[in-house]
Amino acid sequence: MAAVHLRIGDLVWGKLGRYPPWPGKIVSPPKDLKKPRGKKCHFVKFFGTEDHAWIKVEQLKPYHAHKEEMIKINKGKRFQQAVDAVEDYLKKAKGKEQNSDCKGDSKAKKTSNKPLKILEEDDEDLSALKDPSEKDLTDSDPEPSAIERLGAGPGSGFKWESSPVKDDPHFHHFLLSQSEKPASSMEPISKRLKIIEEVTGSTSIQAADSTAINGSITPTDKRIGFLGLGLMGSGIVSNLLKMGHVVTVWNRTAEKCDLFIQEGARLGRTPAEVASMCDITFSCVSDPKAARDLVLGPSGVLQGIRPGKCYIEMSTVDPETITELSQVITSRGGRFLEAPVAGSQQLSNDGMLVILAAGDRTVYEDCSSCFQAMGKTSFFLGEAGNAARMMLILNMVQGSFMATIAEGLTLAQATGQSQQTFLDILCQGQMASTFVDQKCQNILQGNFKPDYYLKHIQKDLRLAISMGDMANHPTPMAAAANEVYKRAKALDQSDNDISAVYRAYIH
């Protein structure tokens, strides 16, 4: 069979690492983006996502020739949205082609030599589709119909050459800004940081979308350690490895390390060994006790801390625990930063977490490439303890809100109203959000697979209530929600998703 020759402007199916084949279009890369060395590849913009990537030729297939085959083996909602985006693009392209036939040759020549445009910040309509006949892809990149992550839906049954990301040191993955104006995603990180001076006097540093450029960053040359491979930690480590960081892992249940060892991580035998081997050590565990034990216990982190070593606590704990850990780490000459994350397992996997940091500002800056790999935004909130306080407040609100939604669903059922109709109405109003839609749909389907453990949100509510007591501030709503979660725990829902609080109302 003759080889298929692809060129800029062609629609293709692209296979990116472990992700399923996905529809995309070969486009011109930014001028300052070097082409990977080695095998021939094309720069592809994927439909239904905000992803760009260099894809090797052998991982590309013509779109039309393989469309039916791909549709048969991929049934995911996001995949279908991506296919719909392709068809929509083709319809608009056909319409524009017909319109262009009615225009003079002079205008066609005038528009054929525009410079490459990558969604500029002042674009009025980012979904506008330009003339598809412009083979230099000046303005013709299709704007995806949905801002979704690449990687939903099965990919089995289609024969592609295996090409894991970790095996290609020249792999570049670009996730454009998830905001309304994703134009600046190709800019240097130094140009895309927004400094915000708050009324409190604390400084927040927010990347407009740090994940947006996590494929173009240069990973730090510092050795990274990571302790704790739970729901959140696993996704974080995976993204650190994908972005080229050198990572040493440890987990209390050693078997969880195996997958990451296969992806290129190194194995540490104890927390102390990891801390001593690495320049920067992160930890992400379940609660204050686990966080303390990891540092202060036998073969703990503290034994591996030397002057200049950095320790970053990502667990959601109380401010008092953070203060204690900060003191013991710095007493050994170490540098301390807290960096709890707002998000879920899915957001962790997608590299879309929100990072709240506080403590040693220089550590925060040293971890820039790490935070860009794991999250979409990071904030620096000042002295150690502030991030813990903010995180508990955020989770207090989320936990209370989830309990209220569950209460509304069960009240609808008790009064003879359709729960699905309740959800449909809710999702058309001011409270509409992906969180509400996903959690409610999971409840109606009886799917309580954990995206964020119920036991952890109850722990956060308890800590937030205690923090309120210490500040002499009332938290009656959180206290009421906490009781509902405690009942759900009594019903053996601890290891289910936070949406399983619903079951506290029906038993």
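Reader: How many helices and strands does the protein have?

Author: This is a predicted model, and the protein in it has 17 helices and 17 strands. Of its 507 residues, 51% count as buried. The protein exposes about 23900 Å², and carbon and sulfur atoms supply 52% of that area. Among contacts between residues at least 6 apart in sequence, 68% join residues at least 24 apart.

Reader: Which residues have the most contacts inside the largest nonpolar core?

Author: A nonpolar core is a set of buried nonpolar residues joined through side-chain atoms within 4.5 Å. Here the largest such core has 34 residues, and those with the most contacts inside it are Phe 226, Leu 240, Phe 282, Ile 312, Met 314, Phe 371 and Met 374. Among the elements that give two or more residues to this core are β9 (224-227), β12 and α12 (368-374). Helix α5 gives the most, with five residues. A second, separate core of 31 residues includes Leu 392, Cys 440, Tyr 485 and Ala 488.

Reader: What does Met 314 contact, leaving aside its neighbours within four places in sequence?

Author: The partners of Met 314 include Phe 226, Phe 282 and Met 374, which are also listed with Met 314 among the residues with the most contacts inside the largest core. Met 314 is in contact with Ala 339, Pro 340 and Val 341 as well.

Reader: How should I read a salt bridge, and how many are found in the whole structure?

Author: Side chains of opposite charge can pair when their charged atoms come close. The search finds 13 salt bridges. In one of them, Glu 87 pairs with Lys 67, with the closest N and O atoms 3.0 Å apart. This pair links helix α2 to helix α1, the two residues being 20 residues apart.

Reader: Where is Val 285 found, and what does it touch?

Author: Val 285 lies in the loop between β12 and α8. At 23% relative accessibility, Val 285 counts as partly exposed. Its contacts include Leu 227, Leu 294 and Ser 315. Val 285 and Ser 315 are 30 residues apart along the chain, yet their C-alpha atoms are separated by 5.3 Å.

How values were computed: Residues numbered from 1 in each chain as written. Predicted model: local features only at pLDDT ≥ 70, side-chain atom pairs only at ≥ 80, totals over all residues. Heavy atoms only, no water. Helix = DSSP H or I, 4+ residues; strand = E, 2+ residues; numbered from the N terminus. Buried < 20%, exposed > 50% of the residue type's maximum accessible area, 1.4 Å probe, protein only. Contact = heavy atoms within 4.5 Å. Areas by Shrake-Rupley, 256 points an atom, 1.4 Å probe, with all protein chains shown as cover. Salt bridge = Lys/Arg side-chain N within 4 Å of Asp/Glu carboxyl O.
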